[in-house]
Amino acid sequence: MDIRIHAPLDMHLHLREGALLRLVAPLSARDFAGAVIMPNLVPAVDTLERLATYRAEVEAATAPHTFAPLMTLFFRQYDEALLTAVRPHIIGVKLYPEGVTTNSADGVRDLQRIEPTLAVLERLGIPLLVHGESHGFVLDREAEFLRTYTRWANLFPRLTIVMEHITTAAAVRLLDEYANLAATVTLHHLLLTLDDVVGGLLSPHAFCKPIAKRPEDRAALLEAALHAHPRLMFGSDSAPHPVERKEAAGCAAGIFSAPVSLPLLAELFARHDALDQLQAFVSDNARTVYGITPPAKTVTLAERPWQVPARYGEVVPFYAGQTLAWQVVEVA
Ligand code: DOR
Ligand code: ZN
């Protein structure tokens, strides 16, 4: 059996910089027609100049693949002039609450103080992408942040707010309540629960933020993805860290899933007899939510086993060493 996907998109991707970027970026660029590139570098991508330099670095690393880097700007209290100037060059602004994840020490401390900037984003039609976690108990962080999404969805009805990498059934329910809310979901949150992270031997390569939750949360996410909920988009949150930062006391959060994303999605959707929904989940929904037209690119996946490498350079991939049932066999 095989399946063709037109212009698959990864709507949440970490590519890093330098040698690590040159290692991982071609793997996404081979399989996807475009991706939303996260700005949590050190220093963050928070100026027009830095944005241009970073885009050029991404383009150099992804050539000659057909691949559109959809750039994001790290949220700050920008004024209208800066946002107007940057608007043609970005797909959205990415907001991190202070300290909730990798390279977010410089994030937002007071979520109410920034609302004037959200009003400007709304006026200019720039989507707001959010890492939605509070500073509470780890399993409750996303649920607690839903209050903020609700507040902003009401206050800014014309602002597109993307709840990034949702992990809870409650977030799926909220998606249905507000037309201006959209969401991404990762591959790993469709596959893992907290048991896979800490239920047996501690598994650093399954550790990410937000952490995987309960079986009923995973079931709700899977249900929404398999039915291609129109405002739910695939976003891998593929986040490579060198092996010594993962297999360490003080393991860095992030799962490197880029090279296995489409094969594992095909396997998952096939297992649930939902392959006909995959096109919407990995491309069409994102086109509608963001109003984008990705470059033409057709990716064919076939049911043909392959073994995931144990390493890509210094990075251990998701499902390292395991045999997957599907693979990308043609890109045209
Ligand atoms: O697990 C994660 N890793 N979650 C994030 O929010 C950031 C990411 C990273 O940049 O490593
Ligand atoms: Zn991320």
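Predicted model: local features only at pLDDT ≥ 70, side-chain atom pairs only at ≥ 80, totals over all residues.
1. Taken alone, ligand 1 exposes 290 Å², and the protein buries 100% of that.

2. Two further polar contacts are worth a look while you have ligand 1 on screen. A polar side-chain atom of Thr101 lies 3.0 Å from an oxygen atom of ligand 1. With Lys209 the contact comes from the backbone: one of its N or O atoms is 2.8 Å from a nitrogen atom of ligand 1.

3. Which residues come nearest to ligand 1? There are 13 residues around ligand 1, and the nearest are Arg16, Asn40, Thr101, Lys209 and His241. By class, this shell has seven polar, three nonpolar and three charged residues.

4. If you plan to browse the cavities, the largest cavity is the space taken by ligand 1.

5. Now to the metal. Ligand 2 is a zinc ion, and its protein donors are His12 through NE2, His14 through NE2 and Asp237 through OD. These donors lie 2.0 to 2.1 Å from the zinc ion. Along the sequence, the donor residues follow the spacing H-x1-H-x222-D.

Methods
Residues numbered from 1 in each chain as written. Chains lettered and ligands numbered in written order. Heavy atoms only, no water. Near = heavy atom within 4 Å. Polar contact = N/O pair within 3.5 Å; in protein donor to acceptor, adjacent residues only side chain to side chain. Areas by Shrake-Rupley, 256 points an atom, 1.4 Å probe, with all protein chains shown as cover. 1 Å grid on protein atoms, 1.4 Å probe; cavity = no way out; pocket = protein on both sides within 12 Å on 5 of 7 lines; lining within 4 Å. Sits in = over half its atoms within 2 Å of the grid points. Nonpolar A, V, L, I, M, F, W, Y, C, P; charged D, E, K, R; others polar. Donors = N, O, S within 2.8 Å, 3.2 Å for Na, K, Ca; no water.
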